[in-house]
Amino acid sequence: ALLMSDNWRKYRGSTTGQCLGQALLGMIRDEGLNKKDAAGILDLFDESINSKVRAIAPQSASERVAVRGTLDHFKCIDGLWHLRVQDATADGLGSQIEMSRVCVLADESGPNSKKRRLK
């Protein structure tokens with residue numbers, strides 16, 4: 001069994017994770033779903049999103065991925081940048097991927113940053 005740390009569940013705070021959580025709570029409230037099955041669905045979400053991120057993410061801070069395209073939207077909340085790029089091309093890690101749209105999340109307090117977050 002995989003260790004289910006807070007880091008493993010961090011994507012539950014994403015827009016998709018929050019929407020899934022709200023939908024599941026609504027189904028529990030309407031008695032269409034029990035809490036055990038809802039927890040199982042969230043665990044499957046965690047497993048799926050983490051495996052996808054590991055498949056495309058750089059393995060170390062020295063590896064880079066460059067995303068080129070048209071910036072459609074951006075915002076920064078609590079040091080976390082959300083960028084939406086249209087007609088994007090991602091170069092790096094030995095390959096090039098073309099996408100009609102990509103969302104990029106970047107944390108200002110990453111491994112090369114001198115900023116620290118207060119908890």
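Which residue in β2 is the bridge partner of Leu71? It is Val85, and the legends below start from the sheet that holds this pair. The model is a predicted one, in which local features need pLDDT of at least 70 and side-chain atom pairs count only at pLDDT 80 or more, while totals for chains, interfaces and linings use all residues. Residues are numbered from 1 along each chain as its sequence is written, and side-chain values use heavy atoms, with hydrogens and water left out.

**View 1. The protein as a whole, with two helices and three strands.** Going from the N terminus, the elements follow the order α-α-β-β-β. Helices (H or I, at least four residues) and strands (E, at least two) are DSSP runs, numbered from the N terminus. Of the 119 residues in the protein, 15% are buried; here buried means under 20% relative accessible area, exposed means over 50%, and partly exposed lies in between (1.4 Å probe, protein chains only). Among the contacts with a separation of 6 or more, 38% involve residues 24 or more positions apart, where a contact means heavy atoms within 4.5 Å.

**View 2. Confidence along the model.** The mean pLDDT of the protein is 77, and 76% of the residues reach 70 or more; pLDDT is the predictor's confidence in each residue, from 0 to 100. Helix α1 (residues 15-29) has the highest confidence, at 89, and β3 the lowest, at a mean of 80. A word of care for your own modelling: where pLDDT is low, the predicted coordinates should not be read in detail.

**View 3. The open sheet, three strands in the order β1-β2-β3.** The pairing is antiparallel, and two strands count as paired if DSSP finds at least two bridges between them. β1 and β3 stand at the edges with a single partner strand each, so one side of each is left without a neighbour in the sheet. From one strand to the next, the twist averages 15 degrees; axes are lines fitted to C-alpha atoms, for helices over the stretch in contact, and angles run from 0 to 180 degrees between N-to-C directions.

**View 4. The hairpin of β1 and β2.** Strand β1 (residues 65-77) and strand β2 (residues 80-92) are joined in the antiparallel sense by eleven bridges. Two residues lie between the strands of the hairpin, and Asp78 in the turn has a positive phi of about 50 degrees. As a reminder for reading such a view, in a regular strand the side chains alternate between the two faces of the sheet.

**View 5. β2 beside β3.** Strand β3 (residues 95-107) pairs with β2 in the antiparallel sense over twelve bridges. Leu83 stands opposite Val104 in β3. Leu80, which lies in strand β2, is partly exposed at 28% relative accessibility. The C-alpha atoms of Leu80 and Ala106 are 5.7 Å apart in space, although the two are 26 residues apart in sequence.

**View 6. Two salt bridges, found by a search of the whole structure.** A salt bridge here is a side-chain nitrogen of Lys or Arg within 4 Å of a carboxyl oxygen of Asp or Glu. Asp91 pairs with Arg68, and their closest N and O atoms are 2.6 Å apart. This pair links distant parts of the chain, with Asp91 in strand β2 and Arg68 in strand β1, 23 residues apart. Asp91 is partly exposed, at a relative accessible area of 24%. Arg84 and Asp72 form a salt bridge too, at 2.8 Å from N to O. Arg84 belongs to strand β2 and Asp72 to strand β1, twelve residues apart. Arg84 is partly exposed at 27%, and so is Asp72 at 41%.

**View 7. Arg12 in the segment before α1.** With a relative accessible area of 24%, Arg12 is partly exposed. Leaving out residues up to four places away in sequence, Arg12 touches Gly17, Gln18, Leu42, Asp43, Phe45 and Asp46. Leu42 is 30 residues from Arg12 along the chain, with 8.1 Å between their C-alpha atoms.

View 8. Cys76 is partly exposed, with a relative accessible area of 35%, whereas Cys103 is exposed at 56%.
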